[in-house]
Amino acid sequence: MIKFGATKRVIVIGGGIAGLSAAHEVLARKGSVLLLDKSSRIGGNSVLASSGFNAARTKDQIAQGIKDSPDSFYQDTFNAAKKSARPHLIRTLTDNSVPALEWLRENLNIKLDVLSRLGGHSFPRTHGEGSYPGELIVRNLESRFVKITETDPEKATLLTKTPVTQLITENHKVVGVEFQNEGKISQAFGPVIIATGGYAADFGPDSLLSVYRPDLLRDSPLTSNKGTCTGDGIKMAEMANANLVDMQYIQLHPTGIVDPRFPAEKTKVIAAESLRGEGALIIDRYGNRFVNELGLRDDVSKKMNERKDSGPFRLVLNSKGAQKADSHCQHYMKLGLMVKYENGSQLAAEMGIKPQELESTFSSYNQAAQKGSDEFGKKYFENTPFSVDDTLYVSLITPVLHYCMGGIEINQGAQVIDKSGAPIEGLWCAGEANGGIHGENWLGGNSLLDCVVFGRIAGENALNYLNKK
């Protein structure tokens, strides 16, 4: 059994961006932290985030003349959440976006200065860097944390390959955790922050998907998530009387890339939404557009699923768009997930259609771009015109399970709420394990922001609680 010294610690379960943000906030405030993760290396699903980090009214936007604001960001997020919008949580998220971005920049020496517009956003406000900004953030946070564990193990302890099996409760309070390490059961005591992610890869017979969305198990058995995303923290919290909200809301991402070498592979790499922000089109097997590519992810996925018979679907970038998204395109081509065609005739031959079909689609799109709107409600047209004489960059795509809006109910202080509506003493939550922040639909780029904002809030409040005991 692992034994800890007398140092009082905040316990963080999960080593993605939410857990690491919470842990670093505790350390910055002179506290001590124990970080537990069931994987062999921390990072979680955060390392797969490919589009970026949302923030409104940043110095990058101001320099480019983009007149965004926290209020506009709030309204876009509120609209996406639809009838399940919770204004107090959305306001906490959007009002803290710039401080969260600057915290990353100041502490990690990263730029996140490439702006793009994702679906559902009124302005380009997604700040990216490289192919996987999520991994960039994670590895920098990880490096800083590991150094502290090596130089001051009383301040920071990291245990990997260590699944937490249950929360320890006393008199309706959470007082610690039970976990398994190297085949032995151990316990640690202190306030707990759950940052274990969602359940979009929970495919077992008793899974959360089977309980709340069995239809998705039938209709969309594909996922973009790591196999570790099985809702562990949500299940443990419910056993401790936590209330769960919005569990039926699970987002399908429309651009999971189909690897032509392994088309039946269950886990798909996501084509970053920033590609569509740079003007990528979605076409069916006949070369026709049928959707606003910058619509909400669920809406785009729904349109694709409604016309499955006209698949396979393709994501098509022209040379201007590909140049803007060069790091992503080079990455996908290296993985064999994107093909470069010298012109539209080559693509048409691959699709088994006439080049004139693509030419007609491109012509209609270019005319819509000149007008500033099209029949599908699209208003933003980047990097036009499209031409069959241009180089095209193409991936096969399919909708996949991507993000769980549902999870553990929290308040603005990231404290977990029980089934009676009262806060559970000693328990906080951050990241995708939370429910209620995003309502019915999550805007791309909001997940990394959510992780940092509520991770830091949870870290601060858990430490304050510990210090008062």
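These questions and answers concern aromatic rings in a predicted model.

Student: How many aromatic pairs does the structure hold?

Tutor: A pair of aromatic rings is described by the distance of the centres and the angle of the planes. Rings pair if their centres lie within 6.5 Å. The number of aromatic pairs in this structure is 7.

Student: Is the pair of Phe 362 and Phe 386 stacked, edge-to-face or tilted?

Tutor: The ring centres of Phe 362 and Phe 386 are 5.3 Å apart, with 50 degrees between the planes. Planes under 30 degrees apart count as stacked and over 60 as edge-to-face, so the rest are tilted. The pair of Phe 362 and Phe 386 is therefore tilted.

Student: How many residues apart are Phe 362 and Phe 386?

Tutor: Phe 362 lies in helix α15, which covers residues 355-371. Phe 386 lies in the loop between α15 and β17. The pair links distant parts of the chain, and its separation in residues is 24.

Student: What kind of aromatic pair do Tyr 365 and Phe 386 form?

Tutor: The centres of Tyr 365 and Phe 386 are 5.7 Å apart, and the angle between their planes is 90 degrees. An angle over 60 degrees counts as edge-to-face. The pair of Tyr 365 and Phe 386 is edge-to-face.

Student: Is Tyr 365 buried or exposed?

Tutor: Tyr 365 has a relative accessible area of 1%. Buried means under 20%, so Tyr 365 counts as buried.

Student: Which ring does the charged end of Arg 117 sit over?

Tutor: The charged end of Arg 117 is 3.5 Å from the centre of a ring. That ring belongs to Tyr 380.

Key: Residues are numbered from 1 along each chain as its sequence is written. This is a predicted model: local features need pLDDT of at least 70, side-chain atom pairs count only at pLDDT 80 or more; totals for chains, interfaces and linings use all residues. Side-chain values use heavy atoms; hydrogens and water are left out. Rings of Phe, Tyr and Trp (its six-membered ring) pair if their centres lie within 6.5 Å; planes under 30 degrees apart count as stacked, over 60 as edge-to-face and the rest as tilted. Helices (H or I, at least four residues) and strands (E, at least two) are DSSP runs, numbered from the N terminus. Buried means under 20% relative accessible area, exposed over 50%, partly exposed in between (1.4 Å probe, protein chains only). A charge sits over a ring if NZ of Lys or CZ of Arg is within 6 Å of the ring centre and within 35 degrees of the ring normal.
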